[in-house]
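Dear colleague,

I am passing on the structure we spoke about, with the sequence alongside. Please have a look at it first; my notes on what was found follow below.

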Amino acid sequence: AKPVPLESSVQWLWPAPGKVIENFDETRNKGLDIAGNDGDPVHAAGDGEVVYVGSALRGYGNLVIVKHNDEFISAYAHNRQILVKQGQAVKRGQRIAEFGRSDADRVKLHFEIRRHGKPVDPLRYPEEHGLPRNVGIKLNEKDISRAKEIMAYPWFQKKEWQKEIKH
């Protein structure tokens, strides 16, 4: 069975312009890893409140967690510098941190979306919620298979998507 696009109460925005270098895997990678350069901007994926800033969670380095509502949070890990404070309100697209390699083997952004505390694949959210416009994916057999699944989603079949992809 093909995965169904997830409904969302948040209007999502991609947090950084880089390519996905590591895909979501429920047991191995609870989010996506996005390539970037040291100091590149990290943006809030949706409106919300910063509920955590720090480096106490092992494996995440300098971490920002934004609570969007009672259903969704997003996490941004391995930052070089954090530009927001706990308790601060943030807007979708606001610069909240800078790419880094804190507690990581390379410069990257680890991006997670959690629904009711459970990690979900950000690539499963439909385009009308802002993900994943213009995301370059490193191609291998698993990625090609995933791309074919995404292209089968009804929201992908919209003419707006087809026009964007042709250009």
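**Aromatic pairs and a sheet**

The count of aromatic pairs comes to 3, and please keep in mind while reading on that the model is a predicted one.

W12 and F72 make an edge-to-face aromatic pair, with 5.5 Å from centre to centre and 80° between the planes. Because W12 sits in the segment before β1 (20-22) while F72 belongs to strand β6 (residues 72-77), this pair ties together parts of the chain that are 60 residues apart in sequence. W12 and F72 are both buried.

Y76 and F111 form a tilted aromatic pair, again described by its geometry: 5.5 Å centre to centre, and 35° between the planes. Here too distant parts of the chain are linked, since Y76 lies in strand β6 and F111 in strand β10 (residues 108-115), 35 residues apart. Y76 is buried, and F111 is buried as well. Together with W14, the residues Y76 and F111 form one aromatic cluster.

Turning to the strands, there is an open sheet of 3 strands, which run in the order β3-β9-β7 with antiparallel pairing. Its edge strands, each of which pairs on one side only, are β3 (41-43) and β7 (81-82). Between β3 and strand β9 (residues 95-98) the antiparallel pairing extends over 3 bridges, and within this part of the sheet V42 stands opposite A97 in β9.

Notes. Residues are numbered from 1 along each chain as its sequence is written. This is a predicted model: local features need pLDDT of at least 70, side-chain atom pairs count only at pLDDT 80 or more; totals for chains, interfaces and linings use all residues. Side-chain values use heavy atoms; hydrogens and water are left out. Rings of Phe, Tyr and Trp (its six-membered ring) pair if their centres lie within 6.5 Å; planes under 30 degrees apart count as stacked, over 60 as edge-to-face and the rest as tilted. Helices (H or I, at least four residues) and strands (E, at least two) are DSSP runs, numbered from the N terminus. Buried means under 20% relative accessible area, exposed over 50%, partly exposed in between (1.4 Å probe, protein chains only). Two strands pair if DSSP finds at least two bridges between them.
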